[in-house]
Each structure stands twice: as C-alpha cells, then as structure tokens.
Amino acid sequence: MDDLDPHGPFAALVAEHQAVLRTFVRMLGVQPMWVDDVAQEVFLIAYRRFQDFDPSQGEFLAWLRGIARKVVANDRRREGARARRVNIDLAQLLTGDLGEHAEEVPVHGDLHEVLRSCLEHLPAHSRQLMRMRYEEDLDAERMGASLGRDGNAVRQALFRVREVLRRCMSTKLGSEAWS
Amino acid sequence: MNPQSAQEELEPDAQALLGRIIDGPPGPALHEQIQSARRLSPAERQRLRQHLLLDEILSQSLAPERSADAFLAGLIQRHRCEQDGEAFTNRVMERIEARGTARLRKTGWFLLEIAGLSAAALLLLGTFLAMGELVSMPHLHSSPRVSHVPRPIDLNATLAATTRELE
C-alpha cells in the first residue's frame with residue numbers, strides 16, 4: 001500500500017465526505033470521543049480496498065456508509081476497548097425506530113456554513129455557552145462549576161440554544177432537508 | 001426563533017435525556033434513562049436524532065481538533081503509522097528468522113565439536129589404560145617388595161626341629 005498523498009484524489013474524496021461520514025458514524029451510536037477514530041478507520045479500509053469500489057454500483061458515500069456499518073457492528077459484538085467505542089444503549093435506541101433514518105444525514109456541503117451563519121445570529125451569552133461547550137470541550141457539570149450554576153440548568157440552557165440553531169437551519173436549508 | 005416556545009414542544013423527561021446524552025457527564029443513571037427512552041414518541045425520537053446531529057456538526061465546526069484539516073492530517077498520520085508498523089514487523093520477523101538460522105548453524109557446529117572432542121578423549125583414555133596395563137604387569141612380577149613379604153610360618157616343621165634339638 002503506497003503513501004496517502006495529502007493532495008491526491010483520495011484525500012480530495014476524504015475532504016469531500018468526511019463531515020457527513022463522521023455525522024453518520026455518530027448517528028450509529030458511536031461515543032463522541034471515538035467518532036473521528038472510527039471514521040478514520042473507515043477511510044483507511046476504503047483506501048486499502050479502493051480497487052473494489054465500483055462507481056456503477058453506487059456512490060462513494062454509500063460505499064463508505066456500508067463500511068462504517070460493518071465497523072460499528074463489529075465493535076458492538078466485541079468486548080473490551082473496542083466495545084467501549086459504541087454507546088450500546090444509544091445504538092439500540094437509534095438502530096431501532098431510527099436505524100433507517102441514519103441514512104438520512106444531510107449531505108449538504110454547506111451545512112457548516114449555514115451553521116456558522118446561524119451561530120452569528122445568536123445572542124452573545126448563547127455564543128459564549130457554545131464556545132465553552134465545544135471549543136473548550138467542557139461538559140455541563142464543568143460548565144456549571146465555571147458559571148456558578150447547576151449542571152441541570154446548564155443542560156437546559158444548552159438545549160434551548162441548540163433548539164434555536166435547529167430552527168434556524170431548518171429555515172435556511174428547508175425543513176425536508178433537516179427534519 | 002423563540003427559545004422558550006421551542007423548549008415547550010418537548011416533554012421534560014425527553015429534554016433531560018437529550019441533555020444527559022449530549023452534554024454529559026455520562027453517569028450510571030443514563031442507562032436507565034435511555035432504557036425508558038424506548039417509550040419516546042416518534043416525534044421525540046426524531047428530535048433526539050436532530051439534536052445529536054446538530055451536536056456533531058457544532059463539534060466539527062467549533063472544536064479546533066475536529067476541523068476537516070485536523071481530521072485529514074490525523075488520517076494521513078495514522079496511515080503512515082500503520083505502514084511503519086507493518087515495515088517494522090517485517091524487519092523484526094526477518095531478523096528473528098536470520099538469527100534462528102544462524103543459531104541453528106552454531107548449534108550444529110557445537111554438537112559436532114563435542115562429538116569430536118568426546119571421541120578424541122575416549123581414544124586417549126583407552127590408549128592410556130592399555131599402556132598402563134602393559135607396563136604394570138611385568139613390574140608386578142619382578143617387584144622386590146613381593147620377595148620381602150614374610151612367608152607364613154610352618155608350625156609343624158618348627159615344632160619338629162625344636163623337638164629334634166631337645167633330643
């Protein structure tokens with residue numbers, strides 16, 4: 001197997017599909033901290049077997065999703081470190097009634113741009129909450145300790161901000177793309 | 001976009017579950033909460049899915065370590081590590097095999113040396129014993145010490161001689 005060229009055609013495919021694939025992996029019940037690890041594993045398998053990919057059989061993203069499903073299914077069957085990558089409870093919840101919906105992760109290339117636009121319209125204190133939660137990677141309890149608030153109150157506040165963002169994105173992208 | 005009205009659309013239990021799953025921290029109570037979530041309505045499940053999705057996109061957009069560039073760089077680094085790992089494994093296996101062959105050769109030579117030395121030692125010992133036997137036999141017969149060994153006294157002859165002298 002030769003070097004993965006950062007400017008080569010496969011890297012371009014990674015750049016194009018990584019966001020949607022990572023979101024898809026998360027929707028399969030993979031723990032947030034392991035999403036990138038699993039997604040990279042999927043891309044590496046795809047890179048090794050790239051000669052097996054037949055564009056006439058379907059899109060590249062659909063092929064990646066198939067590999068991701070197998071990787072996550074293998075993790076769920078295993079014990080030990082790899083099993084910890086998947087939240088089994090959540091995976092069962094999501095692969096129950098919502099399993100078929102995992103395929104419906106929006107494939108908009110401008111998803112992140114739309115989100116950034118929505119973030120700009122948030123009040124300053126809401127943006128501050130988002131920064132603490134995602135840039136600083138603090139959970140609700142640690143945010144509460146920092147802000148002098150109860151963890152439940154922080155969770156409610158974060159929920160409200162995400163609801164605003166969800167509605168903003170639905171408006172900009174169209175409800176059918178986001179619902 | 002009124003946050004309060006959006007919050008009212010979801011039951012408090014479902015909202016608490018969403019908050020616990022997405023914003024943590026995960027605790028022992030989360031398992032029971034998710035188990036009970038199986039009774040969520042389809043609309044509530046749909047909301048859970050949307051919030052998970054939004055959480056993932058927010059994380060990818062805002063967390064520097066989760067940017068697209070960081071992801072690609074991590075992927076390339078991981079690929080290199082795997083390649084290096086394979087090359088390292090191959091090198092080690094080659095060395096182990098080479099050492100194994102050399103050791104086998106060394107062991108063979110060592111065994112031959114032992115066999116040769118043993119044979120030579122046996123030969124020398126045999127020769128020495130044979131020589132000793134040949135040398136020692138005539139020496140034993142002509143030994144002066146043997147002639148000096150006192151012979152047993154013949155009591156009958158001594159008694160007869162003494163009797164004769166007295167007569």
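1. A term to start with: helices here are DSSP runs of H or I with at least four residues, numbered from the N terminus. With that in hand, chain A reads α-α-α-α-α-α-α-α-α along its sequence, for a total of nine helices and zero strands. Please keep in mind that this is a predicted model.

2. What does the secondary structure of chain B come to? Chain B has seven helices and zero strands. From its N terminus on, the order is α-α-α-α-α-α-α.

3. In chain A, 51% of the 179 residues are buried. In chain B, 26% of the 167 residues count as buried.

4. For chain B the accessible surface is about 12,100 Å², and 64% of it belongs to carbon and sulfur atoms.

5. Taking the contacts in chain A with a separation of 6 or more, 63% are between residues 24 or more positions apart. In chain B, contacts between residues at least 6 apart in sequence join residues at least 24 apart in 42% of cases.

6. Where do the two chains meet, and with how many residues? On one side are 62 residues of chain A, in contact with 55 residues of chain B. About 6,000 Å² is buried between chain A and chain B, and carbon and sulfur atoms give 62% of this area. Within chain A, the residues that lose the most area to chain B are Leu93(A), Tyr134(A) and Phe159(A), which together make up 12% of what that side buries.

7. Polar and charged pairs also cross the interface. There are 19 residue pairs in polar contact between chain A and chain B, and nine salt bridges are found there as well. A pair to find on your screen is Asp36(A) and Arg66(B), whose side chains meet in a salt bridge at 2.7 Å, N to O.

8. Which helices of chain A supply the side that touches chain B? Several give at least two residues each, including α1 (9–27), α2 (35–48) and α8 (151–173). The largest share, 13 residues, comes from α8(A). Sorted by class, this side of chain A holds 31 nonpolar, nine polar and 22 charged residues.

Terms used
Residues are numbered from 1 along each chain as its sequence is written. Chains are lettered from A and ligands numbered from 1 in the order in which they are written. This is a predicted model: local features need pLDDT of at least 70, side-chain atom pairs count only at pLDDT 80 or more; totals for chains, interfaces and linings use all residues. Side-chain values use heavy atoms; hydrogens and water are left out. Buried means under 20% relative accessible area, exposed over 50%, partly exposed in between (1.4 Å probe, protein chains only). Contact means heavy atoms within 4.5 Å. Accessible areas come from the Shrake-Rupley method with a 1.4 Å probe; for residues, only the protein chains shown count as cover. Buried area is the accessible area (1.4 Å probe) that two parts lose on being put together, summed over both. A salt bridge is a side-chain nitrogen of Lys or Arg within 4 Å of a carboxyl oxygen of Asp or Glu. A polar contact is a pair of N or O atoms within 3.5 Å; within protein, one must be able to donate a hydrogen and the other to accept it, and residues adjacent in sequence count only if both atoms are side-chain atoms. Ala, Val, Leu, Ile, Met, Phe, Trp, Tyr, Cys and Pro count as nonpolar, Asp, Glu, Lys and Arg as charged, and the others, Gly among them, as polar.
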